[in-house]
Every structure is written in C-alpha cells, then in structure tokens.
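I opened this notebook to record what I looked up in one structure. The entries follow the order in which I made the searches.

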Amino acid sequence: MNCPLILASASPRRKEILERLGLSFAVDPTRRELPPDPSLPAGQAVLAVARGKAEEVAERHPGTVVLGADTAVCLEGTLLGKPRDERHARAMLTALQGREHQVLTAVWVCAPPVPGRPASGGFVSRARVRFYPMSGREIGEYIATGEPMDKAGAYGIQGFGMRYIRDISGDYYTVMGLPGARVRRFLRLFS
C-alpha cells in the first residue's frame, strides 16, 4: 500500500474525522489489540495501546506514516474500555450516570526515519464528561440500540448517547475518538 498516511484502526469515527481534516490516508487496522496495562497510570496505559497499534501496522508498511489511536473512559482512576456484553455495558452506564468522568484518547505516530524529524511520538488528549442521571429503563433502552457495544465506556457521544451528556469540558473529538485539530498539527512534525 503506497499512501502518505495509514490509519491503524477500523473505527468509522476516526476515519470520518481524518476525512473531515482533508487528509489522504488508507486504513489498515491492527490485527491484535492488547488491553491497557492496569499497573500503569491511565494516560500512560492508553498511550501504550495506541503505540502498540501504530508499531504493529508500521511493521507491515515501512516507508509510510502510521497513526494509531486508543480511547478509554476513566472513572475515579479505573479505565473502562469496550463492554464485553450487555450486562457489562449496563454496569458501566450505571456507574457513569449522574457523574463526571474523563475520556482519554491517545495518539501514536510512526514514521520512516528522516534526519531532523522524529521517527515516532505521541500524546494523550483528555476531556471531562458529565452525564445526567439515567433511569434503569433509559439504560436498557440505550443498550437495546446496540450503540454501546463497541464504544469505550459503553456510550457514543455522536450517537444516541448524546441524550445523556450533561456537559463536556475539552475537545469533543477527543470523546469521539480522535482529537482532529491536534492530530493535524501533530502530523506536521512527521512531514
């Protein structure tokens, strides 16, 4: 694949954000995804996952810039990834309802070595999100949409999950899965 940028993710949301940035890219998702290391602080754990994704795909595409990303919800120091099943989604949403949490999106870029330019690097973007209280019925109805099942923290801010968001402090696109403006500026370091 001969392309200036490869997105190491199958996420339609990340793809949409890169398209909105006007970037030319191809998609080659990671084939293995390791969970965050619970012994690391939340930001470092999410960054390590993003780095692992980018490095895995970069091995398949030498000479190309590869962007890996990972998003997690952090509630009182505990990382919440994607739910395993509906029961797990219900537990996550019950824990989040009526409360504030952090969303962390980590980005890692691998690039071909060029003198005077970094070969890799990354960052973590954070946003705070506060939910309205949700009844058990509302949680059940939301789970029935299927939307929570492939999203960190069991909700999507850009979908039906917006019904329950009281406020957000930080970059909306961080919560969506890729902080677009910051990514655009960060990629300049590798061009």
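The entries below cover confidence, salt bridges, aromatic pairs, a surface patch and cysteines.

**Entry 1. Basis and confidence**

I worked from a predicted model, in which local features need pLDDT of at least 70 and side-chain atom pairs count only at pLDDT 80 or more, while totals for chains, interfaces and linings use all residues. I number residues from 1 along each chain as its sequence is written, and side-chain values use heavy atoms, with hydrogens and water left out.

I looked up pLDDT, the predictor's confidence in each residue on a scale from 0 to 100. The chain has a mean of 94, and 98% of its residues reach 70 or more. I then compared the elements, where helices (H or I, at least four residues) and strands (E, at least two) are DSSP runs numbered from the N terminus.

**Entry 2. Salt bridges**

I searched for salt bridges, defined as a side-chain nitrogen of Lys or Arg within 4 Å of a carboxyl oxygen of Asp or Glu. The count comes to twelve. For each partner I noted accessibility: buried is under 20% relative accessible area, exposed is over 50%, and partly exposed lies in between (1.4 Å probe, protein chains only).

In helix α1 (residues 12-20), E19 and K15 lie four residues apart, about one turn of the helix. Their closest N and O atoms are 2.8 Å apart. E19 is partly exposed at 44%, and K15 is partly exposed at 36%.

I found a salt bridge between E16 and R20 as well, with closest N and O atoms 2.5 Å apart. These two are separated by about one helical turn, because they stand four residues apart in α1. E16 is partly exposed at 26%, whereas R20 is exposed at 55%.

D167 pairs with R130, the closest N and O atoms being 2.5 Å apart. D167 belongs to strand β7 and R130 to strand β6, so this bridge ties together parts that are 37 residues apart in sequence. Both are partly exposed, D167 at 28% and R130 at 29%. I also recorded a network in which salt bridges with shared partners join D28, R32, E56 and R60.

**Entry 3. Aromatic pairs**

Rings of Phe, Tyr and Trp (its six-membered ring) pair if their centres lie within 6.5 Å; planes under 30 degrees apart are stacked, over 60 edge-to-face, and the rest tilted. I found five such pairs in the whole structure. F131 and Y155 are edge-to-face, because their planes stand at 80°, with ring centres 4.8 Å apart. This pair links distant parts of the chain, 24 residues apart: F131 is in β6 (residues 120-131), and Y155 is in the loop between α4 (136-144) and β7 (165-169). F131 is buried at 2%, and Y155 is buried at 5%. I noted one cluster formed by F123, F186 and F190.

**Entry 4. Surface patch**

Patches take residues with over 30% relative accessible area and no salt bridge, joining like charges within 9 Å and nonpolar side chains (Val, Leu, Ile, Met, Phe, Trp, Tyr) within 5 Å. I168, Y172 and Y173 make a nonpolar patch of about 230 Å². Y172 lies in helix α5 (residues 172-176) and is partly exposed at 32%.

**Entry 5. Cysteines**

How many disulfides does the structure hold? I found zero, with a disulfide taken as a pair of cysteine sulfur atoms within 2.5 Å. C74 is buried at 9%, and C110 is buried at 9%.

How values were computed. Areas by Shrake-Rupley, 256 points an atom, 1.4 Å probe, with all protein chains shown as cover.
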